[in-house]
Amino acid sequence: MKRLGWLTLAVLVLLLGYVAAGPYLTVNAIREAVRNEDSRALSKQVDFPALRESLRLQLADAIVREAGPDLQSNLLGAIGLRLAGSAAGTGVDMMVTPVGLSALMRGQRLWNLAGGASATQVRPDAEREPPLQDARYRYNSTSRFTATVRDDRGRPIEFVLTRKGLTWKLSDIRLPI
């Protein structure tokens with residue numbers, strides 16, 4: 001009976017260790033997938049529907065804030081805002097793919113890729129920084145973890161990982177907009 005108790009405790013400690021290391025393992029898997037340009041491996045680490053929805057909402061909010069109250073109260077302005085929000089949502093759907101996300105994490109501009117340049121033509125390997133380099137990691141709760149990096153202007157970009165069961169996935173990117 002005593003042996004069963006120790007075995008249960010050991011399994012519990014190992015399980016807790018695995019869950020605690022999970023976000024770091026996921027970030028490492030994302031790094032490797034981006035470095036190897038493996039979109040299939042990257043797609044296993046990302047919750048694309050949740051990521052697309054979050055980015056759509058962020059862009060719609062930024063468009064409305066940028067427009068200001070005068071444009072929002074105007075009938076034609078409201079129609080224009082609705083069209084702009086729809087176009088932004090379509091753009092998010094087109095860009096938030098394994099290939100697009102990989103390019104963003106490498107610091108590439110997606111419009112260069114859309115113009116026909118391959119993912120490796122945009123910037124030479126020597127100039128590329130590894131994805132999520134110099135990130136600041138933090139647990140926000142037992143099921144939410146963030147990796148924060150700074151963009152070229154020093155603004156924070158948060159990559160949010162969420163846990164479902166024992167697995168962690170990238171589910172949100174909080175942009176400085």
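Y139 is partly exposed, with a relative accessible area of 35%. On this scale, buried means under 20% relative accessible area, exposed means over 50%, and partly exposed is in between (1.4 Å probe, protein chains only). Keep in mind that this is a predicted model: local features need pLDDT of at least 70, side-chain atom pairs count only at pLDDT 80 or more, and totals for chains, interfaces and linings use all residues. Residues are numbered from 1 along each chain as its sequence is written, and side-chain values use heavy atoms, with hydrogens and water left out.

The structure holds seven aromatic pairs. One of them is edge-to-face, because the rings of Y24 and Y139 sit with their centres 6.5 Å apart and their planes at 70°. That pair ties together distant parts of the chain, with Y24 in helix α1 (residues 2-35) and Y139 in strand β1, 115 residues apart. Y24 also counts as partly exposed, at 41% relative accessibility. For reference, rings of Phe, Tyr and Trp (its six-membered ring) pair if their centres lie within 6.5 Å; planes under 30 degrees apart count as stacked, over 60 as edge-to-face and the rest as tilted.

## A stacked pair and a cluster

Y137 and F145 make a stacked pair, since their ring centres are 5.9 Å apart and their planes are at 20°. Y137 is partly exposed at 28% relative accessible area, whereas F145 is buried at 0%. Zoom out a bit and ring pairs link Y24, Y137, Y139, F145 and W168 into a cluster.

## The strands

Helices (H or I, at least four residues) and strands (E, at least two) are DSSP runs, numbered from the N terminus. Two strands pair if DSSP finds at least two bridges between them. Strand β1 (residues 136-141) and β2 run antiparallel, joined by five bridges, and a hairpin connects them through two residues. S141 has R144 as its bridge partner in β2.

R144 has a bridge partner in β3 too, namely T162. Seven bridges join β2 to strand β3 (residues 156-164), and these two also run antiparallel. They form a hairpin with five residues between them, and G154 in that turn has a positive phi of about 85°. How many residues of strand β2 are buried? Five of the seven in β2 (residues 144-150) are, so the strand is largely enclosed by the rest of the structure.

α4 has 21 residues and reaches 30 Å from its first C-alpha to its last, close to the 30 Å expected at 1.5 Å a residue. The expected span here is 1.5 Å times one less than the number of residues. Buried in α4 are G77, L81, A88, G89, G91 and V92. They cover an arc of only 160° around the axis, which puts them on the same side of α4. The arc is that of the directions from the helix axis to the C-beta atoms. Over on the other side of α4, L75, L76, R82, L83 and M94 are exposed.

## V92 up close

V92 lies in α4 (residues 75-95) and is buried, with a relative accessible area of 4%. Leaving aside residues up to four places away in sequence, V92 touches R52, L55, R56 and L59, where contact means heavy atoms within 4.5 Å. V92 and S54 are 38 residues apart in sequence and 9.8 Å apart in space, C-alpha to C-alpha.
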